[in-house]
Amino acid sequence: MKPRPRAISNTSFISIMHDAGYLNLCDKVFEKIYVPKLVYDEIKQSGISPLIAQVEGFIRSGFFIVKGCGNTALVNSLRSFLGPGEAETIALAIELEGAEVVILDESKARNLYKRLGPTKRLIGTIGILKFMVVHGLIKESPDKVVTKLEQAGFRFKKDLFKDC
């Protein structure tokens, strides 16, 4: 069996997966998820108690690891184009050797990450959810997953789920 990768996640993935009810399945896909400090701060500042409680539980269990980026100059430079969580996610993805995957949803952040030429695999919430559906981690139909994402306020092209 192939080992589960370690990932670095932006806020949107954690928030959407929580809102849709799938965050608890992420430990079936990833060995651990590094949460940039600024992403963790965004989650705490959201004031969404169930989300904060679930994230805190994952931190206590060791599945989520909150980690700041040492290259603050890069973070600050990226913040002129992106939000703080996205900026630190990209900077940490470049800096951290202990992760194989970076999770970003926003197209501006994804494009900037690709231009920087990193070696970590880039994936988004849709790609992870498709993996979960195809591998039977999510028992619901793709249509039900799409409905939950829409209810959670996630904007995406619905045809991305056609091949599930």
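How do β1 and β2 pair, and over how many bridges? They pair in the parallel sense, over three bridges.

This is a predicted model: local features need pLDDT of at least 70, side-chain atom pairs count only at pLDDT 80 or more, and totals for chains, interfaces and linings use all residues. Residues are numbered from 1 along each chain as its sequence is written, and side-chain values use heavy atoms, with hydrogens and water left out.

## The sheet

Some terms come first. Helices (H or I, at least four residues) and strands (E, at least two) are DSSP runs, numbered from the N terminus. Two strands pair if DSSP finds at least two bridges between them.

Five strands form an open sheet. Their order is β3-β2-β1-β4-β5, and the pairing is parallel. β3 (64-67) and β5 are the edge strands, each pairing on one side only. On average, neighbouring strands of this sheet are turned by 25 degrees against each other, direction ignored. For such angles, axes are lines fitted to C-alpha atoms, for helices over the stretch in contact, and angles run from 0 to 180 degrees between N-to-C directions. Strands of a sheet pair through backbone hydrogen bonds, either parallel or antiparallel.

Now look at β1 (residues 6-9). Three bridges join β1 to β4 (residues 101-103), and the two run parallel. Ile-8 has Val-102 as its bridge partner in β4. Arg-6 has its bridge partner in β2, namely Lys-32.

## Buried residues

Buried means under 20% relative accessible area, exposed means over 50%, and partly exposed lies in between (1.4 Å probe, protein chains only). Strand β2 (residues 32-36) is mostly covered, with four of its five residues buried.

Ile-16 lies in helix α1. Ile-16 counts as buried because its relative accessible area is 8%. The C-alpha atoms of Ile-16 and Ala-152 are separated by 6.3 Å, although the two residues are 136 apart along the chain.

Two cysteines are buried as well. Cys-26 is at 0% relative accessibility, so Cys-26 counts as buried. Cys-69 has a relative accessible area of 9% and is therefore buried. A disulfide is a pair of cysteine sulfur atoms within 2.5 Å. By this rule the count is zero disulfides.

## Two pockets

The search uses a 1 Å grid over the protein atoms alone. A cavity is a set of points where a 1.4 Å probe fits but cannot get out, while a pocket is an open set with protein on both sides within 12 Å along at least five of seven lines. Lining residues have an atom within 4 Å of a point. Grid points are joined across faces, edges and corners, and a volume is the space filled by probe spheres set on the points.

Lining classes are simple. Ala, Val, Leu, Ile, Met, Phe, Trp, Tyr, Cys and Pro count as nonpolar; Asp, Glu, Lys and Arg are charged; the others, Gly among them, are polar.

| Pocket | Volume | Lining |
|---|---|---|
| Largest pocket | about 570 Å³ | 20 residues |
| Second largest pocket | about 440 Å³ | 16 residues |

In the largest pocket, Asp-105, Glu-106, Ser-107, Phe-154 and Arg-155 lie nearest the centre. α1 (11-20), α6 (107-115) and α7 (125-134) each supply at least two lining residues. α7 gives the most, with three. The lining has seven nonpolar, seven polar and six charged residues.

In the second largest pocket, Pro-3, Arg-4, Pro-5, Val-29 and Phe-131 lie nearest the centre. β5 (121-123) and α7 are the elements that give two or more residues to this lining. Here too α7 gives the most, with three residues. This lining has 10 nonpolar, two polar and four charged residues.
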